[in-house]
Amino acid sequence: MPVAGKSIPHESAIGHVTGQAHYIDDLPRLKNELIADFFGSPVAHGKIKSLNLDKAARVPGIVGIYTHRDIGGENLFGPIMKDERFLAIDHVHFLHEPIAVVAGESQAAIEEAKKKIEIQMEELPPIFSIDEAIAQKSFIGTPIKVETGDTAEAFQNSKHIIDGVFESGGQEQFYLESQIAYALPQEGRELLIYSSTQNPTEIQKVAAEVLGLGHHEVVCVCKRMGGGFGGKETQGVHPALMAALVVQKTGRPTRCGYDKDTDMKVTGKRHPYKSFYKVGFNEEGLIDAVEINYYSDGGCSADLSPSVLSRTLMHSDNAYYLQNVKLTGHICKTNYPSNTAFRGFGGPQGVAAIENIIEEIAQYLKKDSYEIRKLNVYRDGRDTTPYGQVVKNNVLPELFEQLIQSSDYYERQETIKIANESSQTRLKAIAFTPVKFGISFTTKFLNQASALVNIYTDGTVQVSTGGTEMGQGLNTKIQQIVADEFGLPMNHVKVMITSTEKNNNASPTAASAGTDLNGNAALDACAKIRSRLSEFAAQILAGNANPGDQRPTGTGIQEQKPDIVFAESSVFSRSNPAKKISFAELVQRAHRERISLGERGFYATPGIDFNTQINRGSPFYYFTNGACVAEITIDRFTGALKIDRLDVLMDIGQSINPGIDRGQLIGGIVQGIGWATSEELRYAAKGELLSHSPTTYKIPNIQDIPDDFRLEFFDNKKHDFNVLRSKAVAEPPLMLGLAVFCAVKRALGTLTSGIPSLKLPATGEEILMKMQGLASQLNRSVNKT
């Protein structure tokens, strides 16, 4: 029986709970292994006047201390712009920026040595906010624009116009396994790097270029990560470089791993945004025109900020057809660590901006915000996005209606209204928010993947892809796909460690495209092998005494014998199913007849094209859709927020593994709720992150999840393409956490005749201050009367 479509447990589930699933820190220590750490800048912005390492180098147990002068290659890297230094030369641009790598026999020796490093700095004025960056014109790159229609004319004809400022905060990825790398010397100049990374190719490339090696002299491998969420797409470079540099200098294996405090202090996070908006609309709430001017905090260097900002602009429509739009984005350069990828990759900031606008239109018109959403939703399959892509296979109207009905939205709204009128201690609200999330990398060349499939003569299979496993279940889905292609049980297929040696130039496992890209590449490899085996099996089953005399060429994907079936570890003809040959016997005989049992598959996402010069085209293969209804209660005295119920409906096509997808969807929503309500980054005056541990940074816990959490899959019969008709699930649900934020905004709206402003995250403190402010306004109004 096929295994795709079934809730098969995660391939490492038992290993996870028993401790048998190895992570980098579990790899055995070697006798001569070293530890690498770094000495960082004591200021957020300044000049290095002098640096004396003599006393530190004499500390017992210290093997070496290395600065930019010890780098054999280029002391610059970056995925888009080469503007980030491995080790500072004469200027520093964020607090704790690495200045020197310290290699030692023990962490205690390294800590002692760092205390003895003598440094003199000239402190320069830092930039710690988007407002400061705007005032000082401190930007990275050039503005990005997406525009359609004529907003100026539309505003002139709009019945109503509102404008304002919306702020959304950053977010820590908070993966459980901190950044870590383990480098081992190989023959000659070669290096082997174990890295907890979503992007082994990036580690290989940067390590080679910084150390003055060829790409072919560095191999990066990744068995699994203890979480990533985008934070390991580029940020794993520094620990990998530190370990690799020490190996190059000493010839000894070296491990470099951050503790959680260090990780949170020096790595990039979700970009904070400040968005200036203006919207025009008619009496019903139909949007005539929207202008949003985004400013993101990119930190001290570009990293992935231009691509993040680009996706923000492409998701500023969310689920709504906007005919007249002008979107502009700027990346602010500040003196924080370079901000980076995080689940959603800029999409959440754009979705949050338009959902906030929708709520404000509703509050202005004294209407239910769902009615505004329903009025503006993409409709007939001919509607185009602001960047020119037709929204095909659109199921948003049907999805809206189904969730409104199944969640009893209107009935509960009436109950909430009565409850608010009768309670002086509690304030309740309900809100509906959707998501339409584009699937593909917006950088076209990244939409490709390769896979290597090898069948062994006992009938078992190994699969290697460029995708990395971080707990999301990619390897389990690849197992299911390949097992079904050959009619084998799951335990006959093994997904191997990800290695740049086997899958070269691989794209990062990101953009929710891991299964789409690598699953299709694996299918391509399987199809080539099946073509050869089908032709060979047809000869055997037909009774050909010498099947090897008619060997198939197998030069590419050929038309497979439609009559040949691979099922239940056997191969047979559909016209004569009683006559079978076991899969193991078939591959043994094929091997003896010199028929290849290995193949490399390749996949490039079709139908995507985007002109980055004018920001027009079709950057996405398809859209994953969903919606959420959130009911909340606020304590009027403390601002404490409680989520009473969540109703979620997701369109994910035909699920390859419903159990894993359900876990991804719930996890994404909860992470989105954290961003929207509790996860607040706080900094001291000198740029020091104060919320750098679980004691000070509040991710959602079990008490924050409602007892009544309902999740259903939408039956989308229009989606008939992609790997096994599936859709991506990783990032889209995160934006449904905004339903909770919008419910809070709606609750505050009941306390005023105006439009309450609300920053994201809507923490208990933020809610309390807003309620107190609204109460003060009401009191002043009463006194004037």
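Reader: Leaving aside its neighbours within four places in sequence, which residues is His16 in contact with?

Author: Happy to take you through it, and please keep in mind that this is a predicted model. Once the neighbours within four places in sequence are set aside, His16 is in contact with His10, Ala21, Tyr23 and Arg224. His16 itself belongs to helix H1, which covers residues 13-18. Its relative accessibility is 35%, so His16 counts as partly exposed. For a sense of distance, take Asn356, which lies 340 residues from His16 along the chain. The C-alpha atoms of His16 and Asn356 are separated by 40 Å.

From there, let us turn to helix H16, residues 583-592, where Phe583, Leu586, Val587 and Ala590 are buried. These four cover an arc of only 90° around the axis, and therefore sit on the same side of H16. What lies over the buried residues of H16? The cover includes the helices H14 (474-486) and H15, along with the strands E17, E21 (564-567), E22 (570-573) and E23 (576-582). After H16 comes Arg594, whose phi is positive, near 60°.

The structure holds four cavities of 30 Å³ or more. In the second largest cavity there is about 80 Å³ of space. It is lined by 13 residues, and Ala449, Gly466, Gly467, Ser507 and Asn518 are the closest to its centre. Strand E17 (448-455) and helix H15 (514-541) are the elements that give two or more residues to this lining. Sorted by class, the lining of the second largest cavity has five nonpolar, eight polar and no charged residues.

The largest cavity has a space of about 210 Å³. Its lining is made up of 20 residues, with Glu84, Gln235, His238, Val266 and Thr267 nearest the centre. Helix H7 (residues 237-250) gives the largest share of that lining, four residues. By class, the lining of the largest cavity divides into 11 nonpolar, six polar and three charged residues.

Now for an open space, the second largest pocket, which holds about 920 Å³. Of the 40 residues that line this pocket, Gly169, Gly170, Pro272, Leu681 and Tyr683 lie nearest its centre. At least two lining residues each come from helix H4 (130-135), strand E8 (160-168), helix H8 (260-266), strand E13 (273-281) and helix H19 (764-784). The largest share, three residues, is supplied by H19. The classes in the lining of the second largest pocket are 16 nonpolar, 10 polar and 14 charged residues.

Cys628 is in no disulfide, and the nearest cysteine sulfur, that of Cys742, is 10 Å away. Cys742 is likewise in no disulfide, with the sulfur of Cys628 as its nearest, 10 Å away. A pair would need its sulfur atoms within 2.5 Å to count as a disulfide. Cys628 has a relative accessible area of 1%, so it is buried. Cys742 is buried too, with a relative accessible area of 1%.

Terms used:
Residues numbered from 1 in each chain as written. Predicted model: local features only at pLDDT ≥ 70, side-chain atom pairs only at ≥ 80, totals over all residues. Heavy atoms only, no water. Buried < 20%, exposed > 50% of the residue type's maximum accessible area, 1.4 Å probe, protein only. Contact = heavy atoms within 4.5 Å. 1 Å grid on protein atoms, 1.4 Å probe; cavity = no way out; pocket = protein on both sides within 12 Å on 5 of 7 lines; lining within 4 Å. Points joined across faces, edges and corners; volume = space filled by probe spheres on them. Nonpolar A, V, L, I, M, F, W, Y, C, P; charged D, E, K, R; others polar. Arc of directions from axis to C-beta.
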